[in-house]
Amino acid sequence: MTKKTMTTSAGAPVSDNQNSMTAGARGPVLLQDYQLIEKLAHQNRERIPERVVHAKGWGAYGALRITEDISQYTKAKALQKGATTPMLARFSTVAGELGAADNERDVRGFALKFYTDDGNWDLVGNNTPVFFLRDPYKFPDFIHTQKRHPRTNMRSAEAMWDYWSLSPEALHQVTILMSDRGCPTTPMHMNGYGSHTYSLINDQGERTWVKFHFKTQQGHQHLTNAESGAKIGETREGYQEALFGAIEDGDFPKWTLQIQVMSEAEAAQTAFNPFDLTKVWPHADFPPITIGEFELNRNPDNYFAEIEQAAFSPSNIVPGVGFSPDKVLQARIFSYADAHRYRLGTHYEALPVNAPKCPVHHYHKDGQMNFTGGRTGNPDVYYEPNSIEGAPREDRDFAEPPLAVSGDADRFDHREGNDDYSQARALHDLMDDAQRARLYQNTAEAMQGAKEETIARVLTHYEQISPAYANGIRTARMAMQG
Ligand code: NDP
């Protein structure tokens, strides 16, 4: 085997990596020991800003396979029958920091990046089909209630329930969070949902609204609060151990891909707003259609490079897939890419894990850490329009069909005319008695530490979901108080 010499990051051989260079055996250290300075300086720069949300994550590579023909809805190459597309998945908890315990009760992020021939398509969802809010104005405040109190530096039940008591649209998602599905045993034992409504666009330029669902083939498995506490006592890395271990053992997890579709005409008729992130589309009216599956089958070699630096953004769509009027989706289109520019730098999409596997031709120039140079294939082609033969050009063939919008530009009360209770009630009612008992108990436990007046206020909303639900929580609270 050829001898490999250790080098500085500039490539010069290192003669000693054990002993600093000093004036005499007892020191002091000489400034000219550049390798020591480089080593310490690098260590100082090992951390990058942690994600404000979804900081703790676990991920792996795999492939998406489409088994059914949905060309009537979309021209997306990755969604044609028989297509196989390489992908990356990252799962996460929302509220916990980078060192948080994996098995805590929380919503799980379910972020997918498909490296398609037409660019990267990212579906950045959760293990829940809905979210706590329908207006993006609410997102920073909601997240503040889930994070640490500025004075105590501890999580605050009072902040959470005070916010929820004044935001009844959140209680559908709170019901999922406090149900069995709020504490999955591993990332492999939960569903994923694109959550937002997106569009599919076919080769006739026709748009159909769509929801994406990824159903676990491993089955749903959950921990109770007590089991989760015991698990965290054993290990803080339960998810990493389970996912990494399963893939190392060749036990590859799979999820079935289903879509729900809604025509533009149907969307104008639904009793609920189909672009409201706090609502599902009922299965009876919009039945799920199975179209394929994905499998995760390769662990990253370097967690930091490939999972910590993985940058998913709902702004990444490809021809045949489009956005929708969902206000929260619209805000995330800005917010996610912006977060990556801040955390990783301007050229975050040139990092190997984020780089598309198809040709990239753009006119963005320079910026910190631009290690790819120009992306037009010709050093003279650095502005547009230009008259240079072979220069990258826009292509109107890829234009989306126009989206008809109407109405006055104004601020509309996002709660007015919206039913915040029926879908939470439908979920409550489909649970069996044992599931409901755990829902009530988990909710009562989460309320510990909140003021009585706050709990009374939130219970008025639970009453409107279902008196049985409110009473169940009350009874569980009384039992806990002895
Ligand atoms: P359905 O009975 O057709 O669907 C019920 C869905 O509820 C199933 O997809 C099931 O998922 C899911 N579910 C069961 N237990 C839980 C739980 N503890 N937490 C979250 N989801 C659960 O009725 P509808 O379509 O009319 O929906 C009724 C309610 O079910 C909704 O209000 C919503 O809260 C919830 N739901 C609906 C979904 C949808 O897209 N329509 C998706 C997920 C939840 P699975 O089949 O994977 O077991």
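**View 1. Gln-423, a buried residue of helix 10.** At 16% relative accessibility, Gln-423 counts as buried, a label for anything under 20% relative accessible area, with exposed meaning over 50% and partly exposed in between (1.4 Å probe, protein chains only). Gln-423 sits in helix 10; helices here are DSSP runs of H or I with at least four residues, strands are E runs of at least two, and both are numbered from the N terminus. A polar atom of the Gln-423 side chain is 2.6 Å from the backbone nitrogen of Val-280. Not counting residues up to four places away in sequence, Gln-423 touches His-172, Thr-278, Lys-279, Val-280 and Pro-282, where contact means heavy atoms within 4.5 Å.

A quick note on the model: it is predicted, so local features need pLDDT of at least 70 and side-chain atom pairs count only at pLDDT 80 or more, while totals for chains, interfaces and linings use all residues. Residues are numbered from 1 along each chain as its sequence is written, and side-chain values use heavy atoms, with hydrogens and water left out.

**View 2. The shell around the ligand.** The ligand has 20 residues around it, and His-172, Arg-181, Asn-191, His-283 and Gln-423 come nearest; a residue gets in if one of its heavy atoms lies within 4 Å. Sorted by class, the shell has 10 nonpolar, 8 polar and 2 charged residues. Here Ala, Val, Leu, Ile, Met, Phe, Trp, Tyr, Cys and Pro count as nonpolar, Asp, Glu, Lys and Arg as charged, and the others, Gly among them, as polar.

View 3. The Asn-191 side chain puts an N or O atom 2.8 Å from an oxygen atom of the ligand. Over at Ser-179, a side-chain N or O atom is 3.1 Å from a ligand nitrogen. Trp-281 uses its backbone instead, with an N or O atom 3.0 Å from a nitrogen atom of the ligand. The protein covers 75% of the 780 Å² of accessible area that the ligand has on its own, by the Shrake-Rupley method with a 1.4 Å probe; for residues, only the protein chains shown count as cover.

**View 4. The largest nonpolar core.** This core has 40 residues, and Phe-132, Phe-142, Trp-161, Trp-164, Val-174 and Tyr-462 touch the most other members. A nonpolar core means buried Ala, Val, Leu, Ile, Met, Phe, Trp, Tyr and Cys residues joined through side-chain atoms within 4.5 Å. Among the elements giving two or more residues are helix 3 (157–165) and helix 12 (452–465). Leaving aside neighbours within four places in sequence, the contacts of Trp-164 include Phe-132, Phe-142, Gln-146 and Val-458.

**View 5. Two positive phi values.** Most residues other than glycine have a negative phi, and most peptide bonds are trans. His-54 has phi near 60 degrees; it is in the loop between helix 1 and strand 1 (57–66) and is buried at 14% relative accessible area. Met-369 also has phi near 60 degrees, but is exposed at 66%.

Conventions:
Polar contact = N/O pair within 3.5 Å; in protein donor to acceptor, adjacent residues only side chain to side chain.
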